[in-house]
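Hi everyone, thanks for making time. Let me put the structure up on the screen, and then I'll walk you through a few parts of it.

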Amino acid sequence: MTTGAQTPPYTDRPRRSRLGRYLPLGVAVWLVLEIWLLTVVAGAAGGMTVFLLLVAGFVAGAVVIKRAGRRAFQSLNEAIQRGGSPERGGGNGLMMLGGLLLMIPGLVSDALGLLLLLPPVQKAVSRLAERTLDRRLRAAAPGTLGNAFQQARMHRPDGKVVQGEVIRNDGPGPGDESMGERPPLTR
């Protein structure tokens, strides 16, 4: 059934990013590598050894995630009691990521998870992530989400964020009967 409206023969589709193009391929390669490595280790050490390694990785990951969550909650409580904001970093997010990688079945993910539990690796990864995010926010084109984040980070010279609202008072507009003060919109 047609409506009579003709569609253009060629529509301009937005280009996919490199991440969107190569991420499925990377996940497929990672899964094949994990399965291959598990079969090689099972052939050399036995199936029960591989099973025990996977269970130990899952338990260790759960313990790490629980501990990192507790630490993050404690630092948040202490910051609230002090009346400030929690200290930046602390490595809790990377510890949780390391625990999650330990919980995912596979030996490569376990090795990456154990690496993320080391403090020097956490510092290097957090510095790299912060620099990358800052560079991307600075290079964001107007009208993009990154530009919105850049504009939202307006600070006073002393580093504190100023929250408020803008009230524009240009005078009475057409159709305004009263010229007196108006009550605020919120109660």
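Predicted model: local features only at pLDDT ≥ 70, side-chain atom pairs only at ≥ 80, totals over all residues.

**A walk through the helices**

Residues are numbered from 1 along each chain as its sequence is written, and side-chain values use heavy atoms, with hydrogens and water left out.

Now the overall picture. The chain has six helices and zero strands, so the pattern along the sequence reads α-α-α-α-α-α, where helices (H or I, at least four residues) and strands (E, at least two) are DSSP runs, numbered from the N terminus. Of the 187 residues, 15% count as buried; buried means under 20% relative accessible area, exposed means over 50%, and partly exposed is in between, with a 1.4 Å probe and protein chains only. The chain exposes about 15,900 Å², and carbon and sulfur atoms supply 63% of that. Those areas come from the Shrake-Rupley method with a 1.4 Å probe, and for residues, only the protein chains shown count as cover. As for contacts (heavy atoms within 4.5 Å), take those with a separation of 6 or more: residues 24 or more positions apart account for 49% of them.

Back to α3. This helix, residues 92-103, has twelve residues and reaches 16 Å from its first C-alpha to its last, close to the 16 Å expected at 1.5 Å a residue. The expected span is 1.5 Å times one less than the number of residues. Its buried residues are N92, L94, M95, G98, G99, L101 and L102.

Let's pick M95 from that list. Why do we call M95 buried? Because its relative accessibility is 10%. Leaving aside neighbours within four places in sequence, M95 is in contact with V64, A68, R71, L117 and Q122. M95 and G113 sit 18 residues apart in sequence, and 8.4 Å apart in space, C-alpha to C-alpha.

G113 takes us to α4, where L107, V108, S109, D110, G113 and L116 are buried. What covers them? The cover includes α1 (18-45), α2, α3 and α5.

Have a look at S109 in α4. With a relative accessible area of 1%, S109 is buried. A polar atom of its side chain lies 3.2 Å from the backbone oxygen of G106. Beyond the neighbours within four places in sequence, S109 is in contact with W30, E34, L101, L102 and I104. You'll remember L101 and L102 from the buried residues of α3.

Last stop, the surface. M48, F51, L52, V55, F58, V59 and V63 make a nonpolar patch of about 680 Å².

V55 is in α2, and V55 counts as partly exposed at 36%. F51 and P105 are 54 residues apart in sequence but 9.7 Å apart in space, C-alpha to C-alpha.

Terms used. Polar contact = N/O pair within 3.5 Å; in protein donor to acceptor, adjacent residues only side chain to side chain. Patch = residues over 30% accessible without salt bridge, like charges linked within 9 Å, V, L, I, M, F, W, Y side chains within 5 Å. Salt bridge = Lys/Arg side-chain N within 4 Å of Asp/Glu carboxyl O.
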